[in-house]
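This briefing is meant for a reader who is meeting the structure for the first time.

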Amino acid sequence: FRKKLNIFYPPILSQSASVSDLQATAILMVTRAVVIAVCVCFAVLFSAGDCCTSTVKKAIVVPKPKLIGCFKDEVLNRDFTEYGGLRINRMDAEQCQKLCTPLATTYMGIQGDECWCGNSFGKHGQGTERDCGQVCSGSMDEHCGGENFNSVYEVSPE
């Protein structure tokens, strides 16, 4: 006996393929097994376990950088030793941390849309909260230094 099924997947079968009862049962069992495997995989993945293979990496949550304060800077004698990078219209503490983390530095300073990194800071002295009053272009809730002033943060370790 042959049974007519409307099958849309797998794509190698035509939309209206004739298959035997045994073939239909096999296709149905394989399809159910795949769906169950995918569901189990997603369930395991979202409960922070490994999903189907041991190569799936767990998400790493990196803590936000900790604001230390406002410190003076000089263009010809920078307070920080490493230039982290520039993020025009999207700088904030999280962006700067992403730039400084690969450099393995302890501290970071944000001055406008610029990010600076280093293991020490403060050689030109401390500024006031008002000196570092520039709102970050990437986050209206954070301040990103000011002209010749860095908002200094401690880089959170990964």
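This is a predicted model: local features need pLDDT of at least 70, side-chain atom pairs count only at pLDDT 80 or more; totals for chains, interfaces and linings use all residues.

Leaving aside residues up to four places away in sequence, Cys115 touches Tyr83, Gly84, Gly85, Met91, Cys96, Leu99, Cys100 and Gly109.

**The nonpolar core**

- The largest nonpolar core has 13 residues, and those that touch the most other members are Met91, Cys96, Cys100, Met108, Ile110 and Cys115.
- Two or more residues of this core are given by each of the elements α2, β5 and β6, and the largest share, four residues, comes from α2.
- As general background, nonpolar side chains in soluble globular proteins tend to be buried together.

**The sheet**

- Five strands form an open sheet in the order β3-β7-β5-β6-β4, and their pairing is antiparallel.
- The edges are taken by β3 (66-72) and β4 (82-86), each of which has a single partner strand, so one side of each is left without a neighbour in the sheet.
- From one strand to the next, the twist averages 25°.
- The strands β4 and β6 (residues 114-118) run antiparallel and are joined by four bridges, and within this part of the sheet Leu86 stands opposite Glu114 in β6.

**The helix on the sheet**

- Helix α2 packs on the sheet, where it touches β4, β5 (107-111), β6 and β7 (149-154), and the direction of α2 makes about 130° with that of β5.

**Salt bridges**

- How many salt bridges does a search of the whole structure find? The search finds two.
- One of them joins Arg78 to Asp73, with the closest N and O atoms 2.6 Å apart; Asp73 counts as buried because its relative accessibility is 5%, under the 20% cut-off.
- The side chains of Glu94 and Lys98 also meet in a salt bridge, at 3.9 Å from N to O, and here Glu94 counts as partly exposed because its relative accessibility is 45%.
- Both Glu94 and Lys98 lie in helix α2 (residues 93-100), where they are four residues apart, about one turn of the helix.
- In general terms, side chains of opposite charge can pair when their charged atoms come close.

Key
Residues are numbered from 1 along each chain as its sequence is written. Side-chain values use heavy atoms; hydrogens and water are left out. A salt bridge is a side-chain nitrogen of Lys or Arg within 4 Å of a carboxyl oxygen of Asp or Glu. Buried means under 20% relative accessible area, exposed over 50%, partly exposed in between (1.4 Å probe, protein chains only). Two strands pair if DSSP finds at least two bridges between them. Axes are lines fitted to C-alpha atoms, for helices over the stretch in contact, and angles run from 0 to 180 degrees between N-to-C directions. Contact means heavy atoms within 4.5 Å. A nonpolar core is a set of buried Ala, Val, Leu, Ile, Met, Phe, Trp, Tyr and Cys residues joined through side-chain atoms within 4.5 Å.
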